[in-house]
Amino acid sequence: MRDRPGHDRRYAIDPTKLRRELGWEPAHTDFAAGLAETIAWYRENEAWWRPAKEATEARYAAQGQ
């Protein structure tokens with residue numbers, strides 16, 4: 001099944017109003033650097049996400065998935 005032409009454009013945002021009215025600027029503009037920072041955060045904060053991941057995996061296992 002082919003995707004609809006122009007499909008991805010519907011999910012793009014126009015931050016013009018955010019910038020003009022609130023002075024907002026993106027904190028991360030370099031994708032590779034932002035991705036590296038995100039991965040580092042998850043590695044350094046495993047205690048935050050590990051219990052939720054284990055609970056989800058246990059639910060799937062109980063359902064035979």
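I looked up tyrosine 42 first: at 39% relative accessibility it counts as partly exposed (buried is under 20% relative accessible area, exposed over 50%, partly exposed in between; 1.4 Å probe, protein chains only). The model is a predicted one, in which local features need pLDDT of at least 70 and side-chain atom pairs 80 or more, while totals for chains, interfaces and linings use all residues. Residues are numbered from 1 along each chain as its sequence is written, and side-chain values use heavy atoms, without hydrogens and water.

I then checked the rings (those of Phe, Tyr and Trp, its six-membered ring, pair if their centres lie within 6.5 Å; planes under 30 degrees apart are stacked, over 60 edge-to-face, the rest tilted). I noted 3 aromatic pairs by this rule. Tryptophan 41 and tyrosine 42 have ring centres 5.0 Å apart and planes at 80°, so I logged the pair as edge-to-face. Tyrosine 42 and tryptophan 48 are also edge-to-face, because their planes stand at 65°, with centres 6.4 Å apart. I found tryptophan 41 partly exposed at 38% and tryptophan 48 exposed at 59%.

Next I listed the helices (DSSP runs of H or I, at least four residues; strands are E runs of at least two; both are numbered from the N terminus). The chain has 3 helices and 0 strands. Leucine 22 sits in helix H1, residues 16–22, and is exposed, with a relative accessible area of 66%. Just after H3, I saw glycine 64 with a positive phi of about 75°.

Last, I noted that buried residues make up 5% of the 65 in the chain.
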